[in-house]
Amino acid sequence: MPAENLIQERASVSIDGWSIHEFASLPSTNPVAGALPAWHAVRADIQTGGRGRTGRTWISDAGGLWLSAVLPAPGPRKKWSILPLGAGWAVIEALRGIGIDGLRLRWPNDILAGHRKLAGLLVEQYQPETVVIGVGINIANRPDALESSLVGRTIDVKELAGRTVALQEIVRLTLGAFRRLQNLVEQDRFAEIVTDINTRWGETRPVQLSLNSRPEPLNGYFRGVDPEGRLSFTDDGGTPHTLEASQVALLREI
Ligand code: BTN
């Protein structure tokens, strides 16, 4: 098949008020979704240039879910800055719908089972009044077969559920959870899920925090987030810090 045919849309389906555009292959689903209106979503079987947070590459091999959803985000931008935090929670909620529980979050929105990564999110804004949530979930794929540094560090839905789960079911649950999250933020009801989010960080862990404003990272303990989505951190000297997500370049569990 000529390369240009691979980026032709294969199908468009409507589920629960979403229009989902399906592709065999895309470089990345996020920018394609970024050109679409709210309540559209883009899914590709594989991504040839999948992108992770902080400029990393995201291995997007066949059998995984690579999906970008466009949510309406009207009004002040600050109101929606909480969305990336809520997006991780929404994916965990979606996966509960197929019987997977016990997942945890790693700030801001990595989804893990123990120390193994199941899913990641890349939230981007391409247009003033919409936000794109890009989600990658390992379903029945093998990213570690393509990238040896991932051996033992990833897990997938098939292993956690102990069965094969239809991709379309996970798409439906995930988009439904994103819609509920959008409603909560629009109605200024984020505080209702903060306790649940804080439970999902798991036990208090030592972390290394890199801030945008200082060259030296801080060592200490991540304590969770407050109802405005600010990160709560106590450094090794016992000094508490409350930080906006935009101030934090990287949080590494150590
Ligand atoms: C991360 O954990 O670093 C974020 C990974 C985000 C991957 C998803 S897959 C769908 C969307 N398209 C991309 O290129 N990235 C996101």
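A polar side-chain atom of Arg56 is 3.3 Å from an oxygen atom of the ligand, in a predicted model where local features need pLDDT of at least 70, side-chain atom pairs count only at pLDDT 80 or more, and totals for chains, interfaces and linings use all residues. Residues are numbered from 1 along each chain as its sequence is written, and side-chain values use heavy atoms, with hydrogens and water left out.

| Residue | Protein atom | Ligand atom | Distance |
|---|---|---|---|
| Ser28 | polar, side chain | oxygen | 2.7 Å |
| Arg51 | polar, backbone | nitrogen | 2.7 Å |

Taken alone, the ligand exposes 420 Å², and the protein buries 99% of that (Shrake-Rupley areas, 1.4 Å probe).

The shell around the ligand holds 20 residues, counted when a heavy atom lies within 4 Å. Ser28, Gln47, Arg51, Arg53 and Lys117 are the closest. By class, ten residues of the shell are polar, five are charged and five are nonpolar. Strand 7 (116-124) is among the elements that supply at least two shell residues, as are helix 1 (29-34), strand 4 (65-72) and strand 8 (130-137). The largest share, four residues, comes from strand 7.

The protein chain has seven helices and 13 strands, which are DSSP runs (H or I, at least four residues; E, at least two). Its radius of gyration, taken over C-alpha atoms, is 18 Å, close to the 18 Å that the globule rule gives for 254 residues, so the protein chain is as compact as a globular protein of that length. That rule is 2.2 Å times the number of residues to the power 0.38. The C-alpha trace spans about 60 × 45 × 35 Å along its principal axes.

Note on methods. Polar contact = N/O pair within 3.5 Å; in protein donor to acceptor, adjacent residues only side chain to side chain. Nonpolar A, V, L, I, M, F, W, Y, C, P; charged D, E, K, R; others polar.
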